[in-house]
Amino acid sequence: MADPLTAALEQEDELSNDDFTVLPEENEPLNSTPITGQDEEELLKAVRPESARRLDSKDSNASYNSSLMSTLQLDDDIENDTKDLFVTVDNPEKHVTTMESYITFRVRTKTTRSEFDNHEYSVRRRYNDFLWLRQQLEETWLSHLIPPLPGKHSLRRLDRFSQEFLKIRSKALQKFTYRIADHPVLSFNEHFKIFLTAKQFEFQSHKKRGAGFFSRTADTLRNVSASYMMKNRSPEFTMMHEYIQAFGEKIGAIDRITQRIIKEQTEYLAELNEWGPTFTLWSTSEDKLSQALVAMANSVEKCSSAVHDAITDTEEEFVHPLKEYILYTDAIKSALRRRDATQMEYELAAEELNKKRNEKEATDSLSQLTKQVEHLNDKTVCADCDLKADMDRWNTHKRKDFKHFFIGMANRQIKFYEKCLAAWEDAIPVIQQTDTDGQEPVGAD
């Protein structure tokens, strides 16, 4: 049996076609303007030949990388033309009260949907408000995959009021709201609409109406127990569970290795920061080698800057997006547990019905239980369909995201080594000039 993660990555070649596929009509948001087949053909004619020529020629790294990135972004451009709900999270702001200090984020919404009273909204929300929204979506849509949120204290190495922390947190919240706004079901949720539009006092009043902590805890325990008690889980969902387990393990291993690489690069950067000034200090006592030593110091400094940029870019563009998918594995497992609980409820009701039929109990009781079983069966079928549809969407986004991550990583590595190569190439002529100026070798009598 093929390795699940490897099999998924081997489908990369298929993405070049998927990137230009127009979404089916049933997935198109309301009040949107879909791209027709004729428009798509014209778009492909305009883009594919140029992209293909660039890939075939490979005259330069810049043109090659540009063509790859434009191909990746084309699908996003098509989707943006058909979307009717755009949400942006930005502008973190610190608030200080007598009781606490906290951060709010600006949430701006632009929409053409008829159920909204206005076309634009701007509100401020705390992290706990985003957490509340996710809990409401989980309780309302038990059969759907709810996008994950970063942990409240997931970046302990950073001060939670620092600019670096706020930048990372803002990006994560932006991704969370984008996933919801892009979903054909979750984006129409009433709680999401209130989150986007309600004034602060209205929003706080609405939050108090939700289910309590003990109710949510009971549901969680029920879902966990159902996963262990399942007797007839569909092989399809068993394979889904096995795949996500393997995917989580491998993505976790990649994250750990990446963290070790960053740690080693950080230690290397510290050594470079000591190495460069050593050459500079040495140059003050060696007149005949002064220019060469200064050239060495400048090259080391440029390499140090390149390493620093590489560490920062890897953390922002690879590590943090990777962590979102680590969190996604937990979100998918939670969705599978909720699905198992739904099937378990149906199986228990069906067993009870068979038991009553064998005992030949009253007709009225059997009739009510039969209706309940039918209702639970329909609920289970709908849950299966919803989860499979969400997993298909997730897999599509996952392939596109990881393709973007890997190409970005390759480009950053190329730029890093080009910077280091250029730094040392600049130093060589200066050093060679020192050798051919007729100066006496160091240490000569």
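This is a tour of selected elements and residues in a predicted model.

Residues are numbered from 1 along each chain as its sequence is written, and side-chain values use heavy atoms, with hydrogens and water left out. Because the model is predicted, local features need pLDDT of at least 70 and side-chain atom pairs count only at pLDDT 80 or more, while totals for chains, interfaces and linings use all residues.

Select strand 1 (85-96) and strand 3 (120-126), the edge strands, each of which pairs on one side only. The open sheet has 3 strands in the order 1-2-3, with antiparallel pairing. Strands are DSSP runs of E of at least two residues, and helices are runs of H or I of at least four, numbered from the N terminus; two strands pair if DSSP finds at least two bridges between them. On average, neighbouring strands of this sheet are turned by 20° against each other, direction ignored.

Pick Arg-108 next: its bridge partner in strand 3 is Ser-122.

**Helices on the sheet.** Show helix 5 (residues 127-140), which packs on the sheet and touches strand 1, strand 2 and strand 3. Contact means heavy atoms within 4.5 Å. The direction of helix 5 makes about 105° with that of strand 3. Axes are lines fitted to C-alpha atoms, for helices over the stretch in contact, and angles run from 0 to 180 degrees between N-to-C directions. Then select helix 6 (residues 163-181), lying across strand 1 and strand 2 at about 150° to strand 1.

**His-144.** Move to the loop between helix 5 and helix 6, where His-144 sits. His-144 is buried, at a relative accessible area of 4%; buried means under 20% (1.4 Å probe, protein chains only). Leaving aside residues up to four places away in sequence, His-144 touches His-183, Val-185, Leu-186, Ala-335, Arg-338, Asp-386 and Asp-390.

**Helix 10 and helix 11.** Select helix 10 (residues 235-283) with helix 11; their axes come within 8 Å and cross at roughly 165°. The two helices are therefore roughly antiparallel, a label for angles over 145 degrees. Residues of this contact divide into 28 nonpolar, 17 polar and 5 charged.

**Glu-324.** Stay on helix 11 (residues 290-359), which holds Glu-324. Is Glu-324 buried or exposed? Glu-324 is buried, with a relative accessible area of 13%. Show its contacts Pro-148, Lys-175 and Arg-179, a list that does not count residues up to four places away in sequence.

How values were computed
Buried < 20%, exposed > 50% of the residue type's maximum accessible area, 1.4 Å probe, protein only. Parallel < 35°, antiparallel > 145°, perpendicular 65-115°, else oblique. Nonpolar A, V, L, I, M, F, W, Y, C, P; charged D, E, K, R; others polar.
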